[in-house]
Amino acid sequence: MGKKSSVLEGNLVIVESPAKAKTIENFLGTDYIVKSSYGHIRDLSKADFGVDINNKYKPDYIVSSDKKEVVKDLKNLVANVKTVWLASDEDREGEAIAWHLYDELGLTKENTKRIVFHEITKDAILNAIKTPRSIDINLVNAQQARRVLDRLVGFELSPLLWKKVKPSLSAGRVQSVAVRLLVDREREVHAFEPIASYRVTALFLVEDEKGKVTELKSELSKRFDTLEETKAFLENCIDAVFTVSKVEKKPLTKKPAAPFTTSTLQQEASRKLGFSVAQTMSVAQKLYESGKITYMRTDSVNLSELALNMAAKQITDNMGEQYVKIRKYKTASKGAQEAHEAIRPTYLDQQTIAGSSAEQRLYEMIWKRTIASQMSDAQLEKTIIHINAGNTGEHFNASGEIIKFDGFLKVYIESSDAENEHDEDNDSLIPPLNEGDELNMQIVEARQRWSQKPPRYTEASLVRKLEELGIGRPSTYAPTISTVQNRGYVIKEDRDGEERHYKSLIINEGKVVVSDKTEITGAERHKLFPTDIGIVVNDFLVKHFENILSFDFTAKVEKEFDEIATGHLEWTQSIDDFYKPFHQLVEDTLEHSEKSVGEREMGTDPASGKPIIVRIGRFGPLAQIGDSSDENDKPRFASLRKGQLLETITLEEVLDLFKLPRSLGEFEGKEVVIGIGRFGPYIRHNSKFVSLKKDVDDPYEIDLDTAIQRIITKREEDEKKLILSFDEEPDLQVLNGRWGPFIKFEKGNYKIPKDKVAETLTLEECRAIIKNDTSVNKGKVKATAKTATVKVAAKKKTTAKKPAAAKATKKSVKK
DNA sequence: CAGTGAGCGAGCTTCCGCTTGACTT
């Protein structure tokens with residue numbers, strides 16, 4: 001101030017994230033104000049693609065409605081400072097954010113500086129301030145090309161689906177490929193034919209000099225194809241002498257995994273903590289906001305010098321110098337832009353933190369992974385023992401690992417995706433043995449095994465696959481996974497396994513005993529399955545837009561974007577080359593393709609001789625007997641059930657669908673009907689529903705007497721729930737629910753005020769409580785309430801105010 | 001929560017990437 005009071009002083013630094021702003025403000029002096037843009041401030045308008053197709057694809061940008069306030073505040077600040085430092089991330093999107101800020105805030109070359117840093121440390125920030133540059137317009141153009149391409153693809157393909165498949169569907173460069181991966185995998189799973197073989201194992205007892213006995217587990221080096229061969233081999237084992245023929249020892253080193261990126265964090269949190277990818281991101285966000293970890297949306301495995309020093313000190317202090325090995329990791333993922341550090345604890349001297357249990361567990365995992373990444377290799381020794389099985393010509397292998405030096409294993413063991421249905425424990429300790437030693441055979445047994453089907457994707461493994469293909473970004477992995485589920489293309493669920501019979505053989509009292517056993521196989525937990533609508537949409541898109549649905553489409557356009565970024569290609573030219581033929585293809589498809597409902601002819605109904613088809617109907621996949629051309633003879637319909645697909649359902653299964661609902665007769669003068677609903681098989685009687693007993697009652701077999709029993713049991717249970725009822729008002733009841741007593745009236749539930757005792761309420765008091773209840777949940781059936789609120793919200797607001805509708809959708813989707 | 005399955009054809013839906021909040025059971 002003072003001398004040149006007429007000239008503006010002071011600095012405004014704009015970053016993307018408010019948490020980052022707070023940290024940086026502490027690094028810089030008082031003449032720096034640091035504010036956040038909260039990501040992008042502008043986007044394409046929604047009308048007419050937000051792009052002028054006929055005018056060199058000129059984008060029509062508008063300030064997003066939730067950023068109006070942010071932009072206003074920034075404008076006010078800009079007016080009062082001398083220099084504005086645009087400090088958005090150093091990648092394509094970050095450069096575009098800087099450019100949008102420059103444009104929207106009305107900045108000039110004279111008062112604006114563009115700075116970048118890859119880590120939030122004081123040195124990095126001060127260094128950045130010393131070396132400002134100007135906005136890289138080529139990089140901005142690469143982003144514009146990316147944005148416009150995604151808009152054109154999404155807004156051309158989606159409406160095509162509305163016409164050819166079903167309204168409200170969506171397609172896009174990222175989501176459609178994600179769905180394709182799932183559909184392809186599902187088909188592989190269905191086409192898979194397991195191959196059976198016989199695995200032979202043997203258990204020996206080894207006694208050392210001191211008389212201590214250890215078990216030695218081993219497996220035959222080959223598997224047999226047939227029961228006969230296996231049995232013959234086992235018979236030969238009965239009197240065989242087992243000798244150690246070879247003792248192999250080899251050193252083994254294991255290296256720690258790189259520090260976490262968004263994708264690896266999601267995978268590991270899924271495997272070790274059972275988090276969904278969305279859950280991982282929201283917990284990580286909390287940790288980030290409270291300053292406990294660095295930024296959680298990153299594709300970089302890089303750690304700052306500061307972090308490396310902290311890690312070295314931590315490891316030395318707690319475990320000793322021999323455990324330290326500072327490493328620089330290189331990113332493996334395609335198209336990584338590395339604008340941030342890897343995900344790491346802000347302060348590595350804090351091994352644990354305060355917070356919710358989820359926060360603590362995720363933090364601890366991040367801490368361990370970070371520390372382990374800077375630790376020495378583990379040194380192991382692998383021992384393999386070959387054991388001759390008499391004169392059979394075959395040998396058993398026993399293997400084990402001993403840790404010579406634990407290194408990083410002291411802290412962190414990375415998990416793997418392999419779903420070992422049969423755990424092979426080869427980590428057992430191997431007793432000291434020498435060539436020629438004779439072994440004391442305890443057990444030789446064999447069992448039938450099958451080759452494994454390809455694994456279905458989990459949320460996290462799908463993210464990993466997308467990252468591998470360079471599709472999507474750290475900020476979009478979780479939202480993409482949600483989108484494909486919200487559109488009904490994909491469902492995450494558990495599926496029961498199936499019973500499978502297998503042969504088991506064992507040597508018992510000098511004889512080979514063969515027995516039949518059963519196991520449950522193929523059960524799935526939290527896996528992603530494509531739905532019929534997902535499959536139909538996918539097939540439609542793959543058929544007509546193979547190019548966009550191909551797994552390397554993104555990689556190809558990324559190459560173009562790189563050329564734009566280096567100034568070797570005009571972005572509008574690149575878009576034009578893509579759009580012209582693409583648009584033509586959309587037009588052709590619109591005109592020439594049939595409506596796609598996944599229809600499949602199943603054959604004829606043996607009872608009526610009418611044709612049976614399956615297809616997608618208004619309310620989802622259905623089976624239909626007869627066609628609708630005959631007005632007097634309407635077709636019969638039945639919905640497909642959970643787990644059934646149009647593509648794989650059999651005629652027999654379809655016919656089963658029409659066996660329900662079926663009437664069993666009457667009870668107390670009212671019909672007893674068996675059906676299958678959204679929550680499984682049920683009994684309907686007197687307009688009340690009773691669930692069948694899981695795994696006990698078969699809806700096709702259950703008889704009237706059993707059904708009546710279930711009805712009576714349900715009545716008794718309900719009575720226990722009932723606290724009060726009134727003869728004058730049969731619709732009103734005081735019930736004991738999951739969250740304590742409440743009043744049920746017509747279709748609404750009402751909370752009982754704390755000062756009232758449920759058991760002593762009068763009808764008048766109940767009515768008063770209902771009248772005064774202000775909560776939203778009044779007498780609405782949930783399913784209809786959901787869609788209703790969404791629609792009302794969308795209608796009330798003007799088109800400019802979309803977020804209200806978006807929020808409502810988000811909310812209803814959460815449950 | 002558990003039946004439905006064609007339609008007057010209004011007006012709506014939709015993309016990907018940056019960011020955080022504000023909602024309830």
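Modeller: Let's start with residue classes: Ala, Val, Leu, Ile, Met, Phe, Trp, Tyr, Cys and Pro count as nonpolar, Asp, Glu, Lys and Arg as charged, and the others, Gly among them, as polar. This is a predicted model, where local features need pLDDT of at least 70, side-chain atom pairs need 80 or more, and totals for chains, interfaces and linings use all residues. Residues are numbered from 1 along each chain, chains are lettered from A and ligands numbered from 1 as written, and side-chain values use heavy atoms, without hydrogens and water.

Colleague: What volume does the second largest pocket have?

Modeller: Rolling a probe the size of a water molecule over the atoms shows where empty space is left. A pocket is an open set of points on a 1 Å grid over the protein atoms alone where a 1.4 Å probe fits, with protein on both sides within 12 Å along at least five of seven lines. Here the volume, the space filled by probe spheres on the points, is about 560 Å³.

Colleague: Which residues lie nearest its centre?

Modeller: Thr-23, Ile-120, Gly-291, Ile-293 and Thr-346 do, out of 27 lining residues (an atom within 4 Å of a point). The lining divides into twelve nonpolar, nine polar and six charged residues.

Colleague: Which helix gives the most to this lining?

Modeller: Helices are DSSP runs of H or I, at least four residues, and strands runs of E, at least two. H1 (18–27) leads with six residues, while H9 (277–289) and H10 (305–319) each supply at least two.

Colleague: What order do the strands of the open sheet have?

Modeller: Strands pair if DSSP finds at least two bridges. The four run S2-S1-S7-S8, paired in parallel, with S2 (32–36) and S8 (112–114) at the edges. S1 (11–15) joins S2 over five bridges, and Val-15 has Ser-36 as its partner in S2.
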